Amino acid sequence: MTRHGGKILTDQLVKLGVARVFSVPGESFLAALDGLYDSGIPNIVCRQEGGAAMMAEAYGKLTGKPGVCFVTRGPGATNASAGIHIAQQDSTPMVMFVGQIDNRHTDREAFQEVDYKGVFGGLTKWVAQVDHTDRLPEYISRAFRVAMSGRPGPVVLALPENMLSAPADVPDIHLPQPVPESLSPQAVQLIMHTLAEAERPFVVVGGPHWSAQAQADLQAFAETQQVPVVAVFRRQDYMDNHHGCYAGDLSVSLNPKLAQRVRDADTLILLGTRFGDIETQGYTLVSPANPQKKLVHIHADTDELGRVYTPDVGIVATAPTALRALSQAEHAGAWDSWTAAARADYESWIAPQESSAALRQEQVVKWLSDNLPNDAIVTNGAGNYAALLNRYFVYKQHGTQLAPTSGSMGYGFPAAIAASIAHPDRTVVCLAGDGCFQMTCNEMSTAVQHGAAPIVVVMNNGRYGTIRMHQEKTYPGRVSGTALANPDFAALARAYGGHGEVVDRTEDFPAAFARAKEAGTVAIIECKVGGDT
């Protein structure tokens with residue numbers, strides 16, 4: 001059957017089970033838009049390519065399948081690079097299709113021409129250009145396979161407009177049967193033998209591939225062994241934080257007692273995590289040159305084993321695959337008191353430290369933690385407010401935290417839109433700072449157009465607070481470039497057809513949240529907070 005390239009492309013997406021795509025339209029991929037017209041795949045049309053890419057990345061996090069994004073050439077592609085960087089650092093499967101100039105004019109610096117291999121080569125797992133229409137199925141099959149294999153990540157495919165519009169007669173891709181993974185008995189024995197020799201072990205969980213089943217297996221393993229479990233930065237929903245073996249997370253604002261326990265540990269079992277810069281406080285908690293403890297590292301990508309830390313035991317497997325086997329292992333040691341002490345440190349750490357402001361951010365976060373449904377999805381970007389969320393919010397089940405381990409500002413709102421579209425039956429809350437929110441608040445109209453109804457809690461202190469904090473520490477009395485002139489956020493929400501209101505006292509927040517929820521549309525609750533927070 002002869003089809004134009006855009007139809008061939010979208011037929012492959014249908015066969016791959018792509019449920020929706022995120023895009024900003026461009027004339028460079030008109031044939032692909034034509035293919036989407038009757039494909040049955042909803043096209044979530046966004047307002048800026050950075051927002052579209054972040055939505056696709058968040059969708060990939062939520063589903064474990066590649067989020068798909070379409071953007072146009074040149075400025076469209078470079079705008080989207082922020083979302084690509086998040087997908088790379090967060091190990092999120094993602095495929096971005098970029099409209100490209102007519103390939104007969106390559107290297108003439110034609111209108112909006114970009115060398116995509118040069119631009120995205122260091123930000124992706126693979127970047128390629130499809131120059132022949134009849135090879136589209138081959139490239140698309142490989143793109144999705146690469147995005148999911150080993151350590152997942154983003155793939156960029158450039159699509160010259162003349163290639164997309166040209167006809168070809170080519171069969172669709174063949175989908176191979178998945179092969180179930182398992183951990184060998186010898187590998188399980190080696191892990192458990194190393195654990196049995198430990199006096200002060202920690203299990204550190206993070207990375208991709210997680211699921212509700214993996215969370216259940218992790219909790220079963222922790223209960224049987226009575227070992228403390230910590231999550232890495234912004235992976236707190238990998239374990240029910242109420243669980244007696246949960247000891248907190250290795251984040252930017254790390255509990256000092258947990259930091260000391262990691263230093264004192266004699267064995268770390270690293271499940272799925274790369275165990276990088278943030279988790280190790282700039283590689284100071286555990287020295288790459290001299291860890292002074294045994295390291296068992298389980299990761300899906302062999303290139304990550306020994307990349308920074310040389311493990312005593314290195315095993316190539318996904319964390320869920322390993323946990324499926326480890327959850328059935330027999331009890332190996334006596335760590336009850338060590339685990340109980342670590343848990344007590346965590347419980348003390350999450351007791352809110354009261355501020356004196358009329359609106360206390362820590363109490364707002366605690367109220368959300370205590371009152372949101374267990375399956376509510378909470379999103380955020382970057383800022384001082386996010387440190388309070390990471391510290392005081394207690395996550396209960398898998399798939400409820402969407403946050404960039406890359407530390408990208410502007411992420412929380414697009415992620416919340418993607419989450420609300422994917423799960424319209426669940427409560428979705430975005431916590432944002434005033435500076436963070438304004439990076440992507442133009443996606444308000446995307447939310448309204450596509451029926452997304454996240455509730456955005458904007459902590460407004462009139463500044464880039466994190467940068468101001470560091471500035472005042474490093475260059476006291478020389479504040480520069482961190483003040484913000486902000487709009488009336490509540491009025492902004494209403495201008496887009498959403499719900500908006502302002503809160504300046506802690507006790508008024510619950511009623512405001514109830515009204516926002518009742519509105520049934522995208523909503524902003526602007527929280528007036530002190531300038532020193």
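Helix 10 (residues 212-225) has 14 residues and spans 20 Å from its first C-alpha to its last, close to the 20 Å expected at 1.5 Å a residue; the expected span is 1.5 Å times one less than the number of residues. Helices (H or I, at least four residues) and strands (E, at least two) are DSSP runs numbered from the N terminus. The model is predicted: local features need pLDDT of at least 70, side-chain atom pairs count only at pLDDT 80 or more, and totals for chains, interfaces and linings use all residues. Residues are numbered from 1 along each chain as its sequence is written, and side-chain values use heavy atoms, with hydrogens and water left out.

The buried residues of helix 10 include Leu-218, Phe-221 and Ala-222. Buried means under 20% relative accessible area, exposed over 50%, and partly exposed in between (1.4 Å probe, protein chains only). Just after helix 10, Gln-226 adopts a positive phi of about 55°.

An open sheet of six strands runs in the order 16-15-17-18-20-19, with parallel pairing; two strands pair if DSSP finds at least two bridges between them. Its edge strands, strand 16 (401-402) and strand 19 (499-503), each pair on one side only. Strand 18 (residues 455-460) and strand 20 (residues 523-528) are joined by six bridges, and Val-457 has Ile-525 of strand 20 as its bridge partner.

The charged end of Arg-391 lies over the ring of Trp-349, 3.5 Å from its centre. The criterion is that NZ of Lys or CZ of Arg is within 6 Å of the ring centre and within 35 degrees of the ring normal.
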